[in-house]
Amino acid sequence: MNHVQRLLSGTVAAIALGTALSAHATNEVPTMESVQHLQDYQVVEFRRYVTSDGELAHFVKYFDAYFPEAFEQLGAMVFGQFAERGHPNRFTWLRGFHDINARPIVNAAFYYGPLWKEHRVKVNAILPDSDNVMLLRPLHADQGVSVLPAVDPVTEQRGAQGVVVAQIFAVKKGSEEAFAKQAEAAFDAYRVEGVHPAGVLVSLDVPNNFPQLPIRSDGPFLVWLGVVRDNAMLDKQLMPRLAAAERSLAASGLLRGTPERVVMDPTPRSRLRWLPDANAESAP
């Protein structure tokens with residue numbers, strides 16, 4: 001084999017190897033090992049914003065671009081961010097803190113820091129309402145919101161996939177423990193293929209230790225979170241089970257009103273999304 005033939009042979013082999021590696025990388029699923037240090041968030045804010053008409057897509061781009069890593073660097077966690085179906089101006093996101101004492105420290109560092117100072121004017125201009133916030137904790141220590149690996153821009157070029165569902169139950173004060181037992185039994189029916197539970201949360205009844213950011217005082221609430229593979233699985237498998245559980249739990253006499261069901265589409269960079277292997281490993 002002469003020099004030219006060897007060169008051509010090596011080039012073909014390199015191209016073949018590169019193609020194989022590229023195909024492998026494209027199919028690679030992020031693993032949970034990368035987020036083992038990002039666990040144990042015992043305080044959760046369930047934040048539901050209203051954007052100005054026609055500005056939801058812009059707000060999503062601002063949020064995805066600027067904010068998740070900023071909170072992570074400060075010791076908090078943006079579990080996921082979503083657009084609510086049926087509400088063209090509603091953006092919802094979940095933020096976690098390790099404990100209640102971390103909340104004012106992290107929030108002060110962020111909201112008085114350089115990143116928010118740079119972007120707050122344009123963001124606030126398209127965000128007329130950010131006060132609908134429930135302060136929550138995991139029902140049990142191991143039922144906090146799942147922390148999934150960040151969306152990989154190389155291997156997940158389509159962005160976050162799947163559907164996220166929240167069920168919100170307004171519980172009668174004094175009935176929290178009794179309702180939680182009934183709710184947990186009802187939630188067992190949701191454990192089917194294509195549905196991963198992502199957390200069970202209840203109201204954290206403590207004073208607002210960062211009053212610059214309002215929180216709701218009309219609790220208590222219990223919230224179930226889940227991730228669904230796709231719309232077909234949502235409609236055929238989960239929706240009938242959600243409806244049956246809502247009817248059963250509403251008949252318990254332990255609620256203050258009709259259960260609320262929130263169906264959400266993850267934004268392109270939402271951690272909480274359909275990620276088969278990772279979701280299966282992290283499901284509480």
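**Strand pairing around S3**

How many bridges join strand S2 (residues 77-84) to S3, and do they run parallel or antiparallel? In this predicted model, six bridges join the two strands, and the arrangement is antiparallel. Gln 81 has Trp 93 as its bridge partner in S3. S2 and S3 make up a hairpin with five residues between them. Gly 86, in the turn, has a positive phi of about 85 degrees.

S3 also pairs with strand S1 (residues 43-50), through eight bridges and again in antiparallel orientation. On this side, Arg 95 of S3 is the bridge partner of Glu 45. Strand S3 itself (residues 90-97) is mostly covered, with seven of its eight residues buried.

**Aromatic pairs**

Across the whole structure, a search finds 25 aromatic pairs. One of them joins Phe 67 and Phe 110 in an edge-to-face arrangement, at 5.7 Å centre to centre and with 85 degrees between the planes. Phe 67 lies in the loop between helix H2 (56-66) and helix H3 (68-73), while Phe 110 is in helix H4 (residues 102-111), so the pair ties together parts that are 43 residues apart in sequence. Phe 67 is buried, with a relative accessible area of 4%; for Phe 110, also buried, the value is 4%.

A tilted pair is formed by Phe 169 and Phe 179, with 5.4 Å between centres and 55 degrees between the planes. Phe 169 belongs to strand S5 (residues 163-170) and Phe 179 to helix H6 (residues 176-187), 10 residues apart. Both Phe 169 and Phe 179 are buried.

**A charge over a ring**

Arg 256 is placed over the face of Phe 221, at 5.3 Å from the ring centre.

Methods
Residues numbered from 1 in each chain as written. Predicted model: local features only at pLDDT ≥ 70, side-chain atom pairs only at ≥ 80, totals over all residues. Heavy atoms only, no water. Phe/Tyr/Trp six-rings, centres within 6.5 Å; stacked < 30°, edge-to-face > 60°. Helix = DSSP H or I, 4+ residues; strand = E, 2+ residues; numbered from the N terminus. Buried < 20%, exposed > 50% of the residue type's maximum accessible area, 1.4 Å probe, protein only. Lys NZ or Arg CZ within 6 Å of the ring centre and 35° of its normal. Pairing = 2+ DSSP bridges.
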